[in-house]
Number of protein chains: 2
Amino acid sequence: MDAPYRPKITRTSRPLTTEVEAVNERGEALATPIAGEHPLTLYVDKREIVTLMTLGQAPEALAIGYLRNQRLVRSIEEIAEVQVDWETESVAITARKQIKGLKQKMKKRTVTTGCGQGTVFGDLMEEIDSVKLRDDVTLSEDTLYGVLDAVRRHETVYKSAGAVHGCVLFDGPEIIYFIEDVGRHNAVDAIAGQMWLDRVDGSDKIFYTTGRLTSEMVIKAAQMQIPFLVSRSGLTQMGHRIANQVGITMIGRAVGKHYLLFTGHHRFTKTVMPTMLA
Amino acid sequence: MDAPYRPKITRTSRPLTTEVEAVNERGEALATPIAGEHPLTLYVDKREIVTLMTLGQAPEALAIGYLRNQRLVRSIEEIAEVQVDWETESVAITARKQIKGLKQKMKKRTVTTGCGQGTVFGDLMEEIDSVKLRDDVTLSEDTLYGVLDAVRRHETVYKSAGAVHGCVLFDGPEIIYFIEDVGRHNAVDAIAGQMWLDRVDGSDKIFYTTGRLTSEMVIKAAQMQIPFLVSRSGLTQMGHRIANQVGITMIGRAVGKHYLLFTGHHRFTKTVMPTMLA
């Protein structure tokens, strides 16, 4: 059997933290680790698309995932090469065939970008109506606790330097990808890109994020066909509305042995203690 | 003396929190407050500019501040009216004269927007070189502690529902504005808008944010001429670099009686205990 198609990509990443000096309240000068942040300008067939500010942990996957989540490309087969060059702070993406309607899509995007500022919101809301998540998969409370424990034990930039968000793709309680970035949308985009590269099907996976469950986070998880969305943080009104609409199983405030199950109760199975069966 | 010019604006805000039901780990159904999140589409003279996702606490100030921080308008005098209509989830901004080069500016913005995804980065970096912050103002450690205490005591959406960031403008230890939003850039933009509306000069003020000190946050504070930037969170490498470049007094990890002073030491005065003078 032939291996599935995979674009040719560089494998670059930046040092994730660096140290600067800071003076604390006792007047002591301390070497303090801080998170990296670098501009990375995306070009598709030499056309400038966007400049992302990124930690630089997985820049190739980020570039691919950005194009995926912005709906600028429809499949990994459309991409021939992804070449990151940190000297010029750029990533050159080469398409196998000319990407149709790129200019038109870029134009539409103009009015709807940002961080809580924008989003490709209008188009995505239309698309979300066609998303159908699997209903034959379940998440047990034990697996949820396993997920939270795995996150807690993982070594992270956040623990040493803060100032980043993490997104994690889980297969049961096992970590598949753990990606951090200075922007939480970069972290989820990088996971989307890596899933495409590795042909990972999202339809039975668990998506964990340290960030809040806003509309964009719910939309992106649903678009990746992922039925389980878990966060240690809270959620917003529109995040809740869209989660209800698409029927995703959404759990917030999940830390240690605590959680709040907000939507998609039908896929969640609570551990039944033996004493409760007596 | 005539009152300074002020555009005609609506005064609308959305309910900041709403309640949804969630089930916790003990199987209890709880009414849980969650933060509002609403799309708000900005139109300038009927031209669609952007759709922001916002908590809706100060939508008029947000619209004005967005135009200010994106450099789409250069002064509050350019704006005649700001009319928010939550029925249509839109804000109509009317200019007093036609805004020059709006189309060109919008075009340039295409490639550089976002949340860690983009920014109007290139242009802003050029501009930042011309920013000169005041050096004849100081922040004492006592005032810093007063700021942190005022933030701690303030009633917030964050305390009840989480999922928002807060930005606060201080005059010494006194709060001038405390604005929360689902996007941290919205919160800082709304403060920028309110400062224009009220003709507040930033050059001796303190800007506090619950969010991380990334490049965009430092750039926006500097553009408002604010010499003091304080966060309870950490910072990124580029935030640090730009803070150094522009000479802003930047303090991170500021909670209770702890802080880390990163840059702009010359404006910070440490409290000298009487015993140290003995």
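How are α7(B) and α8(B) oriented to each other? I put this question to a predicted model.

**Entry 1, chain B.** I looked up helix α7 (residues 215-223) and helix α8 (residues 237-246) of chain B, whose axes come within 7 Å and cross at roughly 25°. Angles under 35 degrees count as roughly parallel, and α7(B) and α8(B) are therefore roughly parallel to each other. I noted that α7(B) brings Ser215(B), Met217(B), Val218(B), Ile219(B) and Ala222(B) to the contact, while α8(B) brings Met238(B), Gly239(B), Ile242(B), Ala243(B) and Val246(B).

**Entry 2, chain A helices.** I then turned to helix α1 (residues 59-69) and helix α6 (residues 184-197) of chain A, and found that their axes come within 6 Å and cross at roughly 95°. α1(A) and α6(A) are therefore roughly perpendicular to each other. Among the residues that meet here are Leu62(A), Ile64(A) and Tyr66(A) in α1(A), and Ile191(A), Trp196(A) and Leu197(A) in α6(A). I noted ten nonpolar, five polar and two charged residues for this contact.

I found chain A assigned to domain 1 (8-120) and domain 2 (139-276). Their C-alpha centres lie 22 Å apart. The contact takes 22 residues from each of the two domains. On the side of domain 1 that touches domain 2, β3 (29-35), β5 (47-54) and α1 of chain A each give two or more residues. I noted that α1(A) gives the most to that side, with eight residues. I recorded 14 nonpolar, six polar and two charged residues on that side of domain 1.

Note on methods:
Residues numbered from 1 in each chain as written. Chains lettered and ligands numbered in written order. Predicted model: local features only at pLDDT ≥ 70, side-chain atom pairs only at ≥ 80, totals over all residues. Axes fitted to C-alpha atoms, helices over the stretch in contact; angles between N-to-C directions. Helix = DSSP H or I, 4+ residues; strand = E, 2+ residues; numbered from the N terminus. Parallel < 35°, antiparallel > 145°, perpendicular 65-115°, else oblique. Contact = placed C-beta atoms within 7 Å. Nonpolar A, V, L, I, M, F, W, Y, C, P; charged D, E, K, R; others polar. Domains from an automatic or database assignment.
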